[in-house]
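Subject: Structure for your review

Dear colleague,

Please find below the structure that I am handing over to you.

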Amino acid sequence: MAGIWVYAEHKDGKLKSTAAQLLTGARTLAETLSEEVVAVLLGSGVEAMAAPLGPLGADKVLVADAQPLGQYLTEPYCHVLTTLMKERQPSIFLGPASSIGKDLFPRVAARLQTGLASDCTGIGLTENKDLKLKRPVYAGKAFIEVVISGRPAMASIRPNTLTPKPADSSKTALSEKISVSIPPEAFRVKLKEVVKGKSEKVDLTEASIIVSGGRAMQNSENYKILWDLASAFGEGATVGASRAAVDSSYASHDMQVGQTGKVVNPNLYIACGISGAIQHLAGMRTSKVIVAINKDPEAPIFQKADFGIVGDLFKLVPALIEEIKKIKAHD
Amino acid sequence: MNIVVCMKQVPDTETKIRLKEGNGGIQTDGVKWIINPYCEFAVEEALRIRERNGGQGTVTLVCMGPDRAVESIRTALAMGVDKAIHLNDPLFEGSDNFGVAKILARAIQTIPHDIILCGKQAVDDDASQVPQILAEQLNIPHVMVVEKMEVDVANKKVTTSRRIEGGAKEVLEVPLPAVFGADKGMNEPRYASLPGIMKAKSKEVKKVTAADLGLKPEEIGVAAAKVKIQAYSLPPERQAGKKIEGGDPAQVAHELAKWLREEARVI
Ligand SMILES: Cc1cc2nc3c(=O)[nH]c(=O)nc-3n(C[C@H](O)[C@H](O)[C@H](O)COP(=O)(O)OP(=O)(O)OC[C@H]3O[C@@H](n4cnc5c(N)ncnc54)[C@H](O)[C@@H]3O)c2cc1C
Ligand SMILES: Nc1ncnc2c1ncn2[C@@H]1O[C@H](COP(=O)(O)O)[C@@H](O)[C@H]1O
């Protein structure tokens, strides 16, 4: 019973939504493999987050709670994880394709000399019970199916790919505290400073709703209406931009969606004044629902939109804010 | 300061992807090949670091790829890179990220390297794995999604800032040698100048094979891949859905909100 492990990411003392998503995926695999589901929790002062992982699907939680893990750094985290994995030999290790997951997982896989598929959008098992994954390549213009037969098989999963099951409060997980000892060599890179972003909003890659503005926004001030619309949708909603808008300094770099920006996977993507260039589509084509607002009835974005509105975004967005507020007021 | 840039040649981002019959990957005829955009930032940064450093040190390009990659290697040389190692061997084909990193590591071990610049991601496999695996194999640190580098030559260290979530940044101090994965926005890559293009013709491009690196066939290529590709597919075409033209904005917005809640069920 080697176990299917899940990296439980957290921020500001709260589990990230990916933890529940990954645990749901791990549970499905566990049914076929008859193995236990283990969540690993790394950080400083994180013990309180162990209990909620049981109802979300973990049989067991390994808690590595130590002051030096208070800030994420690749090598200390890599050391703790690989030491644990060598000792306990999990068969599968899943993590989020988040900023931390994308940085950490390849290094962990390299140290264990094992296979990793990154940024996957589908997960399953072959007839031989090997881990099978689907992942986008060529900016989502194609998909590959890959199989990892070595152990541990590792994968990072794109946020919002797996729909989490609601927490089952009758379930609890056994929590085990891990003693942490990290050699000084692991601290050769020093974190000097964390410069906070302008918005404390949810990150684009994890957002469930994104309102995006393009060149049509004309200036940075006009983005206010998009932020207002995102606020009307509530938690989990944020604002994105096209490269044209970023290049014109209407929006900041970290807001760019697309091939050379962020690849996003929300439930709802609203493109306002974005034409739908192939490099932009590359970043948002897996969105579950796409809405486009554009003046030009011929804009290519309409070919990808589930709901298209031909019209002026400066009239439509304010009207939509009112409508969403009305709906939310009744909830 | 000796700088190594790992560059991958990839299809142009405008390419319409078509598949070969029977899972053979993508059709490459008619594809325009370019320097991976993130690797272009890496090339530019290497040149700027050397310029800021009074032109001291060598910038060496390392590229694993078939014959056609020579064209992109020449482009980088024309931008100002000093010389190149072209890892070109049919045995390399079909390597997974681990295999590629292993081949790059072997090659880099043979040359002086203080800074190794990569792209944060290759826009064909979109893996974002090779730089980290490479760093692990060389037993040196890596920093990914880098937007800024300040090199302290005397103390052999780099102060770098990298993008993390929510628009936040981390400032890190990294002892050299180390691997850096360049992100967009790090710089504006230059165009090759005409004299640059002329000069590039006489610069050295050294072809290196598996045997040159002491790598056995079973250690690399498809055979050694830990991650095996089983099938290629195209994404389901998104169908255009409802489209409303004209009408009163308030009415249209009402219809959209209703649709989002009752039909799409996303709010
Ligand atoms: C290597 C490479 C990488 C790239 N990477 C990216 C990337 O990551 N992300 C990205 O987005 N792009 C990327 N691009 C750029 C891409 O090709 C397009 O140029 C860009 O996406 C266009 O942005 P846009 O749609 O905002 O602007 P435009 O194409 O100019 O479109 C503006 C749209 O707004 C509409 N409009 C104008 N006024 C209004 C109004 N009042 N109301 C409603 N609609 C209005 C117009 O009809 C038009 O369709 C890349 C390009 C290259 C070559
Ligand atoms: N074949 C290659 N030759 C040289 N560098 C490569 C190669 N493949 C990947 N790299 C480097 O690794 C980075 C990330 O690639 P990937 O991990 O494939 O997304 C690229 O931007 C390059 O800097």
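This is a predicted model: local features need pLDDT of at least 70, side-chain atom pairs count only at pLDDT 80 or more; totals for chains, interfaces and linings use all residues.

Domains

In chain A, the assignment gives domain 1 the residues 4-187 and domain 2 the residues 209-330. The contact between these two parts involves seven residues of domain 1 of chain A and nine residues of domain 2 of chain A. Their centres, taken over C-alpha atoms, are separated by 32 Å. Domain 1 and domain 2 of chain A bury about 730 Å² between them, and carbon and sulfur atoms account for 49% of that area.

Chain B is likewise divided, with domain 1 covering 3-224 and domain 2 covering 238-267. In this chain, the C-alpha centres of domain 1 and domain 2 lie 45 Å apart.

Interface between the chains

The area buried between chain A and chain B is about 7,200 Å², with 56% of it on carbon and sulfur atoms. On the side of chain A, the residues that lose the most area to chain B are Arg107(A), Tyr138(A) and Phe307(A), which together make up 11% of what that side buries.

Ligand 1

Ligand 1 is surrounded by 26 residues, and the closest of them are Arg215(A), Ser242(A), Thr260(A), Ser275(A) and Asn294(A). The site is shared between chains, because residues from both chain A and chain B surround ligand 1. Within chain A, helix 5 (243-247), helix 6 (278-284) and helix 7 (313-330) each provide at least two residues of the shell. Sorted by class, the shell around ligand 1 comprises seven nonpolar, 14 polar and five charged residues.

Ligand 1 has 1,000 Å² of accessible area on its own, and the protein covers 78% of it.

Ligand 2

The shell of ligand 2 holds 21 residues, with Cys6(B), Ala122(B), Ser128(B), Gln129(B) and Val130(B) as the closest. Four elements of chain B each supply at least two residues of this shell: strand 4 (59-64), helix 3 (97-109), strand 6 (115-119) and helix 4 (130-138). By class, the residues around ligand 2 are 13 nonpolar, six polar and two charged.

Backbone atoms of chain B also approach oxygen atoms of ligand 2. A backbone N or O atom of Cys6(B) is 2.7 Å from an oxygen atom of the ligand. For Val130(B), the corresponding distance from a backbone N or O atom to an oxygen atom of ligand 2 is 2.8 Å, and for Gly119(B) it is 2.9 Å. The protein buries 99% of the 480 Å² that ligand 2 exposes when taken alone.

With kind regards

Conventions: Residues are numbered from 1 along each chain as its sequence is written. Chains are lettered from A and ligands numbered from 1 in the order in which they are written. Side-chain values use heavy atoms; hydrogens and water are left out. A residue is near a molecule or strand if one of its heavy atoms lies within 4 Å of it. A polar contact is a pair of N or O atoms within 3.5 Å; within protein, one must be able to donate a hydrogen and the other to accept it, and residues adjacent in sequence count only if both atoms are side-chain atoms. Accessible areas come from the Shrake-Rupley method with a 1.4 Å probe; for residues, only the protein chains shown count as cover. Ala, Val, Leu, Ile, Met, Phe, Trp, Tyr, Cys and Pro count as nonpolar, Asp, Glu, Lys and Arg as charged, and the others, Gly among them, as polar. Domain bounds come from an automatic or database domain assignment. Contact means heavy atoms within 4.5 Å. Buried area is the accessible area (1.4 Å probe) that two parts lose on being put together, summed over both.
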